[in-house]
Amino acid sequence: MLERRATPIPEPAEPLASDPMVPRPFRVRRLRKETADTFNLELEPADNREVPEFLPGQFNMLYLFGIGESAISISGDPAQRDPLIHTIRAVGTVTRGLAALKRGHMVGVRGPFGTAWPVASAVDHDVVVVAGGIGLAPLRPAIYQLLAQRPHYGRLVILYGSRSPDDLLFARELERWRGRFDLEVLVTVDHATSGWRGHVGVVTSLIQRMTVDPLHTIALTCGPEVMMRFATKALVESGVAPDHIYVSMERNMKCAIGWCGHCQLGPTFVCKDGPVFPLPQIAPLWGVREM
């Protein structure tokens, strides 16, 4: 019988400054629109220091001077840190303010913070990435690392679901990845438009179509909580061990270091103990209504 062991999560990288509450000045290099409400924000240091190392799955606190601060996952390549890239959906005061920035404007950055996707520990396993909507952004750095070290993994599968074809993130990259012979990419939308010829339905419907060995698979999942609940349930039913499934949580993070309590989820703090969690650590809390 195959022995199942919990896969350790790498230690987080050091924050930008010795005081984690002090933002470091970054300058906007470019702001590029992805969809109607989502954009890529490319930042460069304004203090002549290097962009810090980060692990896939970690996040920064972006401070818009005079308005406020928001926790945003890093969506760039860990091997190509400059510029520092965040993919952001404009849904609140801070994120809408970030969307209005122009080249040369200043942003405060605190981080990187949090736990990471277990990319290194997934060596010799099949890996399936399940993303919903904006959840593809925190997973993109992990995909970059998996592809950069492709010979060290078994089958690689990306399952991505979006609201509509117009809401697909990184459409050009998805198309390029889908053209590789060593990578399986399946994309679905909730609502098709007239030109869509792909799959229609929720992303969990793609799990039964993936071609991996569930007994030797590591799964990385990010998206709306309801999507992750159903996706992780489907993964377990397909034979993937619960302790081989990882999810990234997004809660109301304010301080990023576990001081304020805004992101507390039961006994854990998403900012400090996450945002990436092994499924057995987080699944019991999903069933508690007050959470």
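**Exercise 1. Which residues is His-125 in contact with, leaving aside its neighbours within four places in sequence?**

Ground rules come before the solution. This is a predicted model, where local features need pLDDT of at least 70, side-chain atom pairs count only at pLDDT 80 or more, and totals for chains, interfaces and linings use all residues. Residues are numbered from 1 along each chain as its sequence is written, and side-chain values use heavy atoms, with hydrogens and water left out.

Solution. 
- His-125 sits in the loop between strand 6 (106-113) and strand 7. Strands (E, at least two residues) and helices (H or I, at least four) are DSSP runs, numbered from the N terminus.
- List the contacts (heavy atoms within 4.5 Å). They are Tyr-153, Gly-154, His-216, Thr-217, Ile-218 and His-244.
- Check the side chain. One of its polar atoms lies 3.1 Å from the backbone oxygen of Val-123.

**Exercise 2. Work out the strand order of the open sheet and find its edges.**

Solution. 
- Read the order. The seven strands run 10-9-8-7-11-12-15, with mixed pairing. Two strands pair if DSSP finds at least two bridges between them.
- Find the edges. Strand 10 (199-200) and strand 15 (276-278) each have a single partner strand, so one side of each lacks a neighbour in the sheet.
- Take one pair. Strand 7 (residues 126-132) and strand 11 (residues 217-222) run parallel, joined by six bridges. Within this pair, Val-130 has Thr-221 as its bridge partner.
- Helix 2 (residues 136-148) lies across strand 7, strand 8 (156-162) and strand 11, at about 155° to strand 7. Angles run from 0 to 180 degrees between N-to-C directions, with axes fitted to C-alpha atoms, for helices over the stretch in contact.

**Exercise 3. Describe the largest nonpolar core.**

Solution. 
- Define it. A nonpolar core is a set of buried Ala, Val, Leu, Ile, Met, Phe, Trp, Tyr and Cys residues joined through side-chain atoms within 4.5 Å. Buried means under 20% relative accessible area (1.4 Å probe, protein chains only).
- Count. The largest core has 37 residues; Val-128, Met-249 and Ile-282 are among those with the most contacts inside it.
- Find the main contributor. Helix 4 gives the largest share, five residues.

How values were computed
Buried < 20%, exposed > 50% of the residue type's maximum accessible area, 1.4 Å probe, protein only. Polar contact = N/O pair within 3.5 Å; in protein donor to acceptor, adjacent residues only side chain to side chain.
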